[in-house]
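Here is a friendly walk through a two-chain model, meant to be read with the structure open beside the text. Please have your viewer ready.

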Number of protein chains: 2
Amino acid sequence: MTPTVVMKFGGTSVADAERLKRAAQRIVAKRDAGNRVVAVLSARGKTTDALIAEAFEISPQPDPREMDMLLSTGERQSCALCAMAINDLGHRAISLTGSQAGIVTDTSHTKARILDVRAERIRVALDEDAIVLVAGFQGVSTAKDVTTLGRGGSDTTAVALAAAIGADVCEIYTDVAGVFSADPRVVPDARKLAVVSFEEMLEMSASGAGVLQLRSVEYARTHGVRIHCRSSFSDAPGTVVGDGAQPGAAARPAITAVTHSTDEARVTLEHVPDAPGMAGRIATLLAEANVNIDMIIQNEPVVPGAGADMSFTVPRSDLRDALGPLSAFAREHAIQIHTDESVGKISVIGEGMKTQAGVAAQVFSTLGAERINIQMIATSPIKISCVIALDSVPDAVRSLHAAFLS
Amino acid sequence: MTPTVVMKFGGTSVADAERLKRAAQRIVAKRDAGNRVVAVLSARGKTTDALIAEAFEISPQPDPREMDMLLSTGERQSCALCAMAINDLGHRAISLTGSQAGIVTDTSHTKARILDVRAERIRVALDEDAIVLVAGFQGVSTAKDVTTLGRGGSDTTAVALAAAIGADVCEIYTDVAGVFSADPRVVPDARKLAVVSFEEMLEMSASGAGVLQLRSVEYARTHGVRIHCRSSFSDAPGTVVGDGAQPGAAARPAITAVTHSTDEARVTLEHVPDAPGMAGRIATLLAEANVNIDMIIQNEPVVPGAGADMSFTVPRSDLRDALGPLSAFAREHAIQIHTDESVGKISVIGEGMKTQAGVAAQVFSTLGAERINIQMIATSPIKISCVIALDSVPDAVRSLHAAFLS
C-alpha cells in the first residue's frame, strides 16, 4: 500500500516567497518518491504577531471568538500560496481550512482542544491523487465557530491528522535540525539525538525544549503517531520521536538530554494555615486564572499549627495573573507572599534513569561543584528538575551536559 | 415589526483603527435607533491588493481556487476586528464568514455567482439580539470550496443578504457621498442625485460609475432591494437606488448623468469571412476566455463575399486574455487583428430619454463642437455611449455635463 506522510512546516519555513517555494518543492519531492502527502502549514513569519497587534489596536481585551476568526486567516494564506506553488510544479494541490479538513474542537476559544478529526474530505482528495494542504492551528467548534488551538497548535494539527488518516510518519519541519542533547546555543557540542521516546519528549517539551508543542507530543503518544523532527533547510535525518526504535536498556546512557527554561518565576507563600484543603484552594485560584503551576514544594510547619511555607513556580509571563487572585486570598488568611523573577530551571531527562542509580546524586554534586545553589527540586521517574538562580542557568546546563553526555 | 437594515462598509471605511471604530459606532447607533442590523464589510484598505501581490510573488498565474482561499481572508479580518470593537461598545456582535452566513455560489472561482442565501444562522443571531457582521465578497461553492464574487463583490453580498432576510434597506457606505451626475473629479459642479432608478444605475455601473458593482444592482432590481448609497464620513443622506420614489416623466431632465470609462481597449477584426455564425464563434471564444465584450459593431462587407469588419471593446486588462484565443482563430481564417489601447468611453444615461427626442443628436453635436471624433456608438433606450480617444475623455464629459445638466 502507498505510504502516507504528514509534513508540517512552521512559520519560518514559509516566511518569504523563496522559503515557501522551497517547502513546496519538498512536498512535491515527497509525493514523487511515492507517498500520499498531507502538509500542515503555519502562518507566515510574523503574520500572527501582526494580527494580534491589529486586534489590540482595536480593543484592549479582544473577544476570544473574534480573535480566533482573525488569527485563523494567517494559516489559510500560507496554504493557499503553497498550493499555488505546487500547482505550478505540475502537481495538483488543494488547500483546506481546519474546518474543511474536519478538525472538530471544543468551544474554548484561543486554546481549543481537538475532539474529533473527520478526515473524509482529505481521504477523498488523496484518493484523487491530490496533495492536501491543511491550515494548522485551527478547527471548527461543535458550535460551528472557528477556533484556534493555542501557540504552536499547528504541531497538534499535524499529529491529529496523521493519527486520523493512519499516516506512517508525521514529519515536523523547523529551523532546527532535530532534538538536541542540550540547547546548542548554550552547549556548542550538544548532539542531535537520533531517537527520543514519547516520555522523554514529553518531559523535554514541558521543561523548556521548544522544538515540539507539549500537547502534540501527548496526542502522538496517545495515538501512537511516530514524529520525525527535522530541518526545513537540509535533507539530513533529524530526530524520531516514538517508542519503536529505542535502544535496549543496556545501551542507554543514564540521561538523554539536559533542558533549561529561563521563563520562570518563583512564588513563596509564608505562614499558610496548616488546615486541610489550603493547597487545593490555592491551586484552584491559580487554575481559574488560567495560570499553569509547575513545581510545587510545601514544608511541614516547624511548630505544629504555626503555618507552613509553600513555594511554586509559574511562567514569568503569568506572574501578574497569578498575583491578582492570590493577593486577596493571602490578605484574608494573613499569608505573606514573596516572589522571585530571577530564577530559571534546569532538567536532566532520560529513560536510562529508570535503571541506573545515582543520577540525582551526580546532578546535585555537579551543581555543587559549580557553587550553584539549588532552590527547589522536582523529580519524575525519568526527570530531575532544579530551580536555580537565573544567571547560573548557562553554567549549570554546560556542567551537567559535560558530566553526563560528553 | 422591528425594521431590519443591512449596512455595507467598503475597504476605505475600515482601513485603519480609527475608521474601523467609527464604522462600529455607526453600526451600534443604527442598532440603538431600534433596527436589527446586519453589516457587511470589505477587506481593509489595501489588504486585497497586498494579498494579490503575495500570490504573484509565488506564481505567475495563481490557481483560481487558491486565489479565493487567499483573498477571502481579508474580509474575515475586518469583520473579526469590527466585532471586537462593537463588543467593547457594550453590544453583542458576531462575525460570520460568507460560508457561515449561508452565501452559496456556483464554482466559478474568482467570479462566482450567488445561487442561494441560506440565512438561518443570521436570523437566529438577530433573534438573539446580536449584531451580525458578514465577510463580504465571498461564499462557499456547491463543491464546498471558498469562492469570491469578483471585485466589488461585497456590494452583492450586502444586497443578497438584504433580499434573503427581507431588509427594509441596504445601505452602502463608501468614501463618496452618493451617486453623482458625473465624476466630481472631472466635473467639479457635478450634483449628488437624490434618486436613481434601477435601470439608470445599471447603465451607469456598466459604463464606468464605480460607486456600485453592476451585479449588485442587477440583484437588487431582480429582488426589489432598495439601496441607499451614502458616505461613511457624514450623516447626510446619499442617493437612493430604486423604482419607488421616481419623479414623474414631466419633471425629468433628458438625462440623469454622464459617465465615463478610461479602462477600454478596442479590437478590430478585418476581413471576417461573411459566413453565418462567425460572430457567434468569436463571441464564444471570448466568453470561454472569460472576457466581457462591451460594444460590438459589425459592418456589411462592401463587396459581397469579401469579408466584413468587426470591432468591439473589452476592458483593457482583459486584452491579453482576449488576444490569445483570437489569434489562433484569426490565423485560421485569414483575419487581420488591430488593437487600440488608447480609447475611452463616455455615456449619457437617463430615463428621460424615453420620452424626449433629439438627445442623440445633441450628444453628437456637442462632441463635434469640441472636435472629438466618435469611433463607435452604442445605444439602449436610456443610454448613448461613444468610444473616443482616451485623451479626449475629460473634455467630452465636461462638455456633455454642461450641455445637459448645468
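How many of the six residues of strand 2 (residues 36-41) of chain A are buried? Six of the six are, so strand 2 of chain A is largely enclosed by the rest of the structure. Buried here means that 20 or more other C-beta atoms lie within 10 Å of a residue's own; exposed means 12 or fewer, partly exposed is in between, and C-beta atoms are placed from the backbone. Strands (E, at least two residues) and helices (H or I, at least four) are DSSP runs numbered from the N terminus.

A word on conventions before going further. This is a predicted model, in which local features need pLDDT of at least 70 and side-chain atom pairs count only at pLDDT 80 or more, while totals for chains, interfaces and linings use all residues. Residues are numbered from 1 along each chain as its sequence is written, and chains are lettered from A and ligands numbered from 1 in the order in which they are written.

**The paired strands**

In a regular strand the side chains alternate between the two faces of the sheet. In strand 2 of chain A, Arg36(A), Val38(A) and Val40(A) are buried on one side, and Val37(A), Ala39(A) and Leu41(A) are buried on the other. Two strands pair if DSSP finds at least two bridges between them, and the table lists two such pairs.

| Strands | Bridges | Direction |
|---|---|---|
| Strand 1 (residues 4-9) and strand 2 of chain A | Six | Parallel |
| Strand 1 and strand 2 (residues 36-41) of chain B | Six | Parallel |

Met7(A) stands opposite Ala39(A) in strand 2 of chain A, and Thr4(B) stands opposite Arg36(B) in strand 2 of chain B. Five of the six residues of strand 1 of chain B are buried, so this strand too is largely enclosed by the rest of the structure.

**Helix 7 of chain A**

Helix 7 (residues 214-223) of chain A has Arg215(A), Ser216(A), Val217(A), Tyr219(A) and Ala220(A) as its buried residues. Their cover includes helix 5 (153-165), helix 6 (198-206), strand 11 (227-231) and strand 12 (239-241) of chain A. Glu218(A) is also found in helix 7 of chain A, but counts as partly exposed because it has 17 C-beta neighbours inside 10 Å. After the helix comes Gly224(A), with a positive phi near 65 degrees.

**How the chains meet**

Chain B can be laid on chain A with an RMSD of 0.7 Å, by a turn of 177 degrees and a shift of 0.5 Å along the axis. The two copies are thus related as by a two-fold rotation axis. The superposition is by least squares on the C-alpha atoms of residues with pLDDT of at least 70 in both copies. Thr73(B) comes closest to the rotation axis of the residues of chain B, at 3.0 Å (C-alpha).

At the interface, 26 residues of chain B are in contact (C-beta atoms, placed from the backbone, within 7 Å) with 27 residues of chain A. Helix 3 of chain B gives the most to the side of chain B that touches chain A, with 14 residues. Of the interface residues of chain B, 100% are also interface residues in chain A, so the copies meet through the same surface.

Methods
Two residues are in contact if their C-beta atoms, placed from the backbone, lie within 7 Å.
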